[in-house]
Amino acid sequence: MFGEVFLKNNIENIFNAFGICDDIFKPSLTVNDLCISYRTINNWEANGLMLTGRKNSRDWHKFSFVDFIWLNIVFELRQLGFPLKKIQKLKAFLSENIDDESIFAIKRLEARVFLTNTNLNRLVLLLAEILYNKNHIALLCNKAGGFYIYNEQQVKEENSGIDLSKFLFSNFVSVSLTDIIIKYLLNVKLEIIESSRIIDGSFLTILTRLRNKELNQLTFQLNDCENIQVHKQLFKNYDEFVNASIRLILTFKFEEIIYDE
């Protein structure tokens, strides 16, 4: 799976992205926050698709940031007609813990100690790669059960010799983890997003004002001489402006953001 070695070499991103906290695993979300029906969730639970289970079957379901990402992956694949058994294989792939050798190779002691005591699996590593390295990550899946990690930085920046044509003209579909993070930021209550600590204070301020429709333009300062401006008038409606702005903040490397009301 291309991108796998690259991701393991950047395992410290988990510590950099999430810090010493377990907030990304904190069950703060309800079914309503997922935008997925309770009946569907119960069906997936019965088929072993949940990352975390309930202590008591009579308890209400509660979900974490990581659960949100995973269940929306499942939702997209089910919309595309993927069978439950193939999605179970994907769950096993993404839930697989990163090997101890990769963790022990980390030079920073505080990061190594934290990661040794964390539920460190492949899905969490992919999310950290997006949130810290601003790397677009997608899953390429086919109904035969093949799963590949699409790592945009590796494809663009390295002479990897990867042939993407076989994915374009075969039975593969793409599920963007970046898009699912954007969905989380657009739909989940702001106080829950703040408590999950997946974004910093300045991003949270901009996100809040975008969701309240208080901003008209964002200027991304690349360096002392260059900047990129994004204005709401460039889009059909304000929602498209918000979506594009959040995507740029997540995937674009810049020094500062200046916003105009």
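**Note on a helix crossing, aromatic pairs and selected residues**

1. The axes of helix α5 (residues 65–79) and helix α12 (residues 177–187) cross at roughly 120 degrees and come within 10 Å, where axes are lines fitted to C-alpha atoms, for helices over the stretch in contact, and angles run from 0 to 180 degrees between N-to-C directions. That angle makes α5 oblique to α12; angles under 35 degrees count as roughly parallel, over 145 as roughly antiparallel, 65 to 115 as roughly perpendicular and the rest as oblique. Helices (H or I, at least four residues) and strands (E, at least two) are DSSP runs, numbered from the N terminus.

2. The model is a predicted one, in which local features need pLDDT of at least 70 and side-chain atom pairs count only at pLDDT 80 or more, whereas totals for chains, interfaces and linings use all residues. Residues are numbered from 1 along each chain as its sequence is written, and side-chain values use heavy atoms, with hydrogens and water left out.

3. The α5 and α12 crossing is right-handed, that is, the near helix is turned clockwise from the far one by less than a right angle, anticlockwise being left-handed. On the α5 side, the contact (heavy atoms within 4.5 Å) is made by Phe65, Phe68, Ile69, Asn72, Ile73 and Glu76, and on the α12 side by Leu177, Ile180, Ile181, Lys183 and Tyr184. By class, this contact of α5 with α12 has eight nonpolar, one polar and two charged residues, with Ala, Val, Leu, Ile, Met, Phe, Trp, Tyr, Cys and Pro counted as nonpolar, Asp, Glu, Lys and Arg as charged, and the others, Gly among them, as polar. Phe65, Phe68 and Tyr184 also form one aromatic cluster.

4. The structure holds six aromatic pairs; rings of Phe, Tyr and Trp (its six-membered ring) pair if their centres lie within 6.5 Å, and planes under 30 degrees apart count as stacked, over 60 as edge-to-face and the rest as tilted. The rings of Phe220 and Phe254 are edge-to-face, because their centres are 5.3 Å apart and their planes stand at 70 degrees. This pair links distant parts of the chain, since Phe220 lies in strand β4 (residues 217–221) and Phe254 in the loop between α15 (238–251) and β6 (256–260), 34 residues apart. Phe220 counts as buried at 1% relative accessibility, while Phe254, at 25%, counts as partly exposed; buried means under 20% relative accessible area, exposed over 50%, and partly exposed in between (1.4 Å probe, protein chains only).

5. Phe235 and Phe241 form a tilted aromatic pair, with 6.0 Å centre to centre and 50 degrees between the planes. Phe235 counts as partly exposed at 24% relative accessibility, whereas Phe241 counts as buried at 0%.

6. Glu261, found in the segment after β6, is exposed, with a relative accessible area of 62%. Glu261 and Leu215 are 46 residues apart in sequence, yet 4.4 Å apart in space, C-alpha to C-alpha. Not counting residues up to four places away in sequence, Glu261 touches Arg209, Glu214, Leu215 and Asn216.

7. Lys134, in the loop between α9 (122–133) and β1 (137–142), has a phi near 55 degrees, a positive value in a residue other than glycine, and counts as partly exposed at 21% relative accessibility. Lys213, in the loop between α14 (201–211) and β4, has a positive phi of about 60 degrees although it is not a glycine, and counts as exposed at 56% relative accessibility.
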